[in-house]
Amino acid sequence: MVKVDLKGCSTFVKPELYKEYVKKALDAFDVLESEKGAGNDFLGWKHLPSEVPASMLADIDAICADWKARGVNLVIAIGIGGSYLGAKCVIEALSHNFAKQLAKKDAPEVVFAGNNLSEEYLAELMDLAAERNVACIVISKSGTTTEPAVAFRVVKQYIEERYGKADAAVRIVAITDAKKGALKTLSTQEGYKTFVVPDNVGGRFSVLTPVGLLPIAAAGLDVKGLLEGAKEAEKVLAVKSEENPAVVYAAMRNLLHTECGKSVEILVNYNPKLTFVAEWWKQLYGESEGKDGKGIFPASVNNTADLHSMGQFIQEGTRVMFETVLHVEKAQRSVVIGTDEQNLDQLNFLAGKHIEHCNHMAELGTRLAHIDGGVPQIAVSFEKVDAFNLGALLYFFEFACGVSAYTLGVNPFNQPGVEAYKKNMFALLEKPGYEEQTKAIRERLY
Ligand code: PA5
C-alpha cells in the first residue's frame, strides 16, 4: 500500500500546528465519508474498485478478443481531460519503455487523439492509420466536447470509408452518458457497442470505469491487478485515523499552503514511466481545488532529467513551492554497472552497483538539498511500478483529493472555470447561437 512520509517537512512545520491540520483533515474525511458535502452527487468513484461489475469486465474482454480476431493492431482512443489522462497514465506506466520500437507485439498499440486541435497531429495520425489495422474507442461523458468530437468526425469517416459501415460499427466503441449527448444519439443510430460513464463519476475520477479500463485492456495490460490494488486502497483509506495516508497528505499540503505560503506543489518522479501519472494528478488536483480564488498550483518534474533544467529554480528561485516525491522502492529489471580497465570516467567506485541504487541516491541527495534550499518534502512511497501498486496509487490520490479539497473549503467535484475558454472559442468560430458573443469578442480584438 502507499505510504506517506513527512520527515522532509519537519524543519518547516511545528508539530502542534500539524496536529491542528490533522484535525481539519479528519473533519474533511468525515464530510467525504458522510457523503453529505458539496458535490456529493459525484461520489460514485469511491466504491468503483469494490463494486466493479463482472459483466462490464467480460464485455471489455469480449471487445478485445473480437478486435484481436480481426487483426486490429492500432486502437485510436479519442478523449480529453478526464476522458484521456487516466488511460494514458496507466498505459505509459505499465508498458515497456520501448514497446513501440520492439518487434514483438502482444497487443494493439493504443494511441490517443481528441486531446488537441492540431491539424498536423490528426493528419499524421491518419498516416499511421493507413499502415495499420484500426479500431477506435471514442470517450466523452458529456458527448459534446469539441476536441474529441472533431477528431472522431475525422476517424469515423476514415474507418467507414476503409472498412465499410457495417464493419465500422464493430470497430468503433463509444463510452458516454447512459442517456444524453450527441455521442449517445450517434451510437444508438450507428449500432456501436457502448459503455456508460456513471452519472455520479466525474471525468477526472473515471479511470476505473470503462473510460480508463477499456483502453488499458485494449493495450493488453493487467486491468484486474489495477482494480485489486485500488480495492486494497479503498479498504485501507476508509479507516478514520491520524495515520490514514490520505489524511496525512491532505493535512500537510494544506498546512504548507496556508501557513507557510507555499502555492505550488511539484510532483517529482525518478522513473520516466511515471511522467503521465503526474499529468493525470495535475488534472485531478488542479480541477478539483483550483477555484474560488483558492488552491495549490500542481506542477511536475521528471528527474533526474529536470534536475538539469528546473533544478536550479527549485534549489534557489522564488520560495513558493513544496515537493511531493513519488518514491518507488524497487526496480523490476536489473542493470549492474561494470568495471572499466581504464576508468577514464572515474566511475569504477560504482562497479557492482545497481543503477537503481544510484537513482535512489540521486533522489535522496536532491531531497536533502531541496530541504536545505527551503523546499519542504513529502514522500509518497510504493513498492514497484506494477498494476497493483498503480491502482492503489491512483485511488490514494483520488481519495486524498476529496479530503484535501474539503479541508481547503472547496467543492472538489465541479469545474465551472473550464467553460470560459469554450464560450470564446465558439464565439470566434461563429457557432450558431453565439452571434451576440461573436460580435462582442470581435469588438475586443479590433
Ligand atoms: O474532469 C472533467 O470532468 C473534465 O476534464 C472532462 O473529463 C473533460 O472536459 C472531458 O469531458 P467529456 O468526457 O465530457 O468530453
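The largest cavity is lined by Tyr270, Asn271, Leu326, Val328, Glu356, Asn359, His360 and Glu363 (a cavity is a set of points on a 1 Å grid over the protein atoms alone where a 1.4 Å probe fits but cannot get out, and lining residues have an atom within 4 Å of a point). This is a predicted model, where local features need pLDDT of at least 70 and side-chain atom pairs count only at pLDDT 80 or more, while totals for chains, interfaces and linings use all residues. Numbering runs from 1 along each chain as its sequence is written, and side-chain values use heavy atoms, leaving out hydrogens and water.

The volume of the largest cavity comes to about 40 Å³ (the space filled by probe spheres set on the points, with grid points joined across faces, edges and corners). Strand 9 (321-328) and helix 13 (355-372) each give two or more residues to the lining, and helix 13 gives the most, with four. Helices (H or I, at least four residues) and strands (E, at least two) are DSSP runs, numbered from the N terminus.

Elsewhere, five strands make up an open parallel sheet in the order 3-2-4-5-6 (two strands pair if DSSP finds at least two bridges between them). Strand 3 (109-113) and strand 6 (193-196) sit at the edges, each pairing on one side only. Strand-to-strand twist averages 20° (axes are lines fitted to C-alpha atoms, for helices over the stretch in contact, and angles run from 0 to 180 degrees between N-to-C directions). Inside this sheet, strand 4 (residues 134-140) and strand 5 (residues 172-176) are joined by five bridges, with Cys136 opposite Ile172.

How values were computed:
1 Å grid on protein atoms, 1.4 Å probe; cavity = no way out; pocket = protein on both sides within 12 Å on 5 of 7 lines; lining within 4 Å.
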